[in-house]
Structure formats: C-alpha cells, structure tokens
Amino acid sequence: MPWSKHDYPPSMKNLEPRVRNKAVEIANALLEEDYDEGRAIAIATAKAQEWDENHPKDVK
C-alpha cells in the first residue's frame with residue numbers, strides 16, 4: 001500500500017513533517033522493492049531521521 005503526505009503509517013505521526021515526507025518517500029521505494037511493510041516503515045523512519053541530520057533545513 002503506497003503512502004502519501006496525508007495518508008501514512010500511524011508510527012510516523014509524531015515525525016516532523018519534512019522528515020515524515022522523506023520517510024514516506026523512502027518507504028514507498030522499499031515497498032516497490034518487495035520489502036515487508038513493517039520492515040519498510042522501520043528502515044524508512046531511520047533513514048529519514050539520518051537524512052534530516054545530514055541535511056539541516058536552516059543551512060545558508
């Protein structure tokens with residue numbers, strides 16, 4: 001089941017919107033590669049948080 005900005009797994013509800021959107025993007029890509037839904041969510045959440053740390057939004 002692909003997710004979107006407005007329809008995402010409940011476990012992502014407390015993520016900052018920018019991180020959640022990236023997690024949804026990653027999770028959808030993992031699902032296309034036939035990952036299990038639960039595993040895709042876990043990996044996507046971790047990778048999105050890592051991405052956020054490496055791509056601060058306030059850098060000028």
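Q: Is asparagine 14 buried or exposed?
A: Start with the cut-offs: buried means under 20% relative accessible area, exposed over 50%, and partly exposed in between (1.4 Å probe, protein chains only). Asparagine 14 has a relative accessible area of 68%, so it is exposed. Its place is in the segment before helix 1. From asparagine 14 to asparagine 28, the distance is 19 Å, C-alpha to C-alpha, for a separation of 14 residues in sequence. A word on the ground rules: this is a predicted model, where local features need pLDDT of at least 70 and side-chain atom pairs count only at pLDDT 80 or more, while totals for chains, interfaces and linings use all residues. Residues are numbered from 1 along each chain as its sequence is written, and side-chain values use heavy atoms, with hydrogens and water left out.

Q: How many helices and strands does the protein chain have?
A: Both are DSSP runs numbered from the N terminus: helices are H or I with at least four residues, strands are E with at least two. Here the tally is two helices and zero strands.

Q: How does the radius of gyration of the protein chain agree with that of a compact globule?
A: The radius is taken over C-alpha atoms, and the globule rule is 2.2 Å times the number of residues to the power 0.38. For 60 residues the rule gives a value near 10 Å, and the protein chain, at 11 Å, agrees with it. The C-alpha trace spans about 40 × 20 × 15 Å along its principal axes. As for burial, 30% of the 60 residues count as buried.

Q: Which residues touch the most other members of the largest nonpolar core?
A: A nonpolar core is a set of buried Ala, Val, Leu, Ile, Met, Phe, Trp, Tyr and Cys residues joined through side-chain atoms within 4.5 Å. The largest one has 13 residues, and those touching the most other members are Trp3, Met12, Leu15, Ala23 and Ala27. Helix 1 and helix 2 are the elements that give two or more residues to this core, and helix 1 supplies the largest share, six residues.

Q: What does methionine 12 touch?
A: Contact means heavy atoms within 4.5 Å. Not counting residues up to four places away in sequence, methionine 12 touches Arg20, Ala23, Val24, Ala27, Ile41 and Thr45. Across the protein chain, among contacts between residues at least 6 apart in sequence, 51% join residues at least 24 apart.

Q: How many salt bridges does the whole structure have?
A: Side chains of opposite charge can pair when their charged atoms come close. The test used here asks for a side-chain nitrogen of Lys or Arg within 4 Å of a carboxyl oxygen of Asp or Glu. Searching the whole structure gives four. One of them joins lysine 57 to glutamate 16, with the closest N and O atoms 2.7 Å apart. That pair links distant parts of the chain, 41 residues apart: lysine 57 is in the segment after helix 2 (37–54) and glutamate 16 in the segment before helix 1. Lysine 57 is exposed at 53%, whereas glutamate 16 is partly exposed at 31%. Aspartate 52 also pairs with arginine 18, at 2.9 Å between the closest N and O atoms. Since aspartate 52 lies in helix 2 and arginine 18 in helix 1, the pair ties together parts 34 residues apart in sequence. Lysine 22 and glutamate 25 form another, at 3.4 Å; both lie in helix 1, three residues apart, about one turn of the helix.

Q: Which side chain of opposite charge is nearest to arginine 20?
A: For charge, Lys and Arg count as positive and Asp and Glu as negative; His and the chain ends are not counted. For arginine 20 the nearest opposite charge is glutamate 16, 9.6 Å away, and arginine 20 is buried yet has no salt bridge. Arginine 20 sits in helix 1 (residues 17–32). Leaving aside neighbours within four places in sequence, arginine 20 is in contact with Tyr8, Met12, Lys13 and Leu15.

Q: What is the phi of aspartate 34?
A: Most residues other than glycine have a negative phi. Aspartate 34 is not a glycine, yet its phi is positive, about 70°. Aspartate 34 is in the loop between helix 1 and helix 2, and at 70% relative accessibility it counts as exposed.
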